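Have the sequence and the 3D view open side by side.

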Amino acid sequence: MTGQGRVADSGLQSERTALAWFRTALAFAAIGGLLLHVSHALTSPVPGVLGAVALAAGGAGVLSAGPRYRSTDLAVRAGRPAAPPAALVAGTAALAVMLPLVLLAALLAGAL
């Protein structure tokens, strides 16, 4: 609640969005860790490299979740728009598309 007795974000959109980004970052880190774990048994280095990228992206996402939430919450309380940076959205979308494609390609090539 704010000082005037009204709720700044009655639907808790900022909290739900922050949790969704945090879950996505954890998923990237988990998939990256799994790819790195099995990469020694693969014939192609691509899944291992992509695993390292996914693990790093997931770690960065987890570390930036708190500060990102705080800035979004402050923007909502001030009545300003709180859109995520375009680079963050584009990078997340690119990884979300690349991870399954690389895994599929590795499966089809017999590397897994």
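What follows goes from the overall layout to the single helices, then to their packing and a few residues.

## Ground rules

This is a predicted model, so local features are given where pLDDT is at least 70 and side-chain atom pairs where pLDDT is 80 or more, while totals for chains, interfaces and linings use all residues. Numbering starts from 1 along each chain as its sequence is written, and side-chain values use heavy atoms, with hydrogens and water left out.

## The overall layout

The chain has three helices and zero strands, and along the sequence it reads α-α-α. Helices here are DSSP runs of H or I with at least four residues, strands are runs of E with at least two, and numbering goes from the N terminus.

Of the 112 residues in the chain, 23% are buried. Buried means under 20% relative accessible area, exposed means over 50%, and partly exposed is in between, using a 1.4 Å probe and protein chains only. Take the contacts between residues at least 6 apart in sequence: 65% of them join residues at least 24 apart. A contact means heavy atoms within 4.5 Å.

Helix α2 covers residues 46-78, which is 33 residues. From first C-alpha to last it reaches 45 Å, close to the 48 Å expected at 1.5 Å a residue. The expected span is 1.5 Å times one less than the number of residues.

Where does α2 bend? The bend is at A65, by about 40°, and a proline, P67, follows within four residues. That angle is taken between axes fitted to the seven residues ending at the bend and the seven starting there. Just after α2, G79 takes a positive phi of about 80°.

The buried residues of α2 include P47, G48, L50, G51, A54, G58, G61 and A65. T72, D73 and A75 are buried as well. The cover over the buried residues of α2 includes α1 (13-38) and α3 (86-108).

## Helix α3

Helix α3 has 23 residues and reaches 33 Å from its first C-alpha to its last, close to the 33 Å expected at 1.5 Å a residue. Its buried residues are T92, L95, L99, V102 and A106, and what covers them includes α1 and α2.

## How the helices pack

Two packed helices are described by the angle between their axes and the distance between the axes. The axes are lines fitted to C-alpha atoms, for helices over the stretch in contact, and the angles run from 0 to 180 degrees between N-to-C directions. Under 35 degrees counts as roughly parallel, over 145 as roughly antiparallel, 65 to 115 as roughly perpendicular, and the rest as oblique. A crossing is left-handed if the near helix is turned anticlockwise from the far one by less than a right angle, and right-handed if clockwise.

Start with α1 and α2: their axes come within 6 Å and cross at roughly 165°. The two are therefore roughly antiparallel to each other, and α1 passes α2 in a left-handed crossing. For α2 and α3, the axes come within 10 Å and cross at roughly 155°. That makes α2 roughly antiparallel to α3. On the α2 side the contact is made by V46, P47, L50, V53, A54 and A57, and on the α3 side by L95, M98, L99, V102 and A106. This crossing of α2 past α3 is left-handed.

For α1 and α3, the axes come within 12 Å and cross at roughly 35°, again in a left-handed crossing. Here W21, T24, F28, I31 and L35 of α1 meet L88, V89, T92, L95, A96, L99 and L103 of α3.

W21 sits in α1 and is partly exposed, with a relative accessible area of 28%. Leaving aside neighbours within four places in sequence, W21 is in contact with P84, L88, V89 and T92. W21 and V62 are 41 residues apart in sequence, with 8.2 Å between their C-alpha atoms.

T72, in α2, counts as buried at 14% relative accessibility. Beyond its neighbours within four places in sequence, T72 is in contact with S14 and A82. V46, also in α2, is partly exposed, with a relative accessible area of 45%. The C-alpha atoms of V46 and A106 are separated by 8.3 Å, with the two residues 60 apart along the chain.
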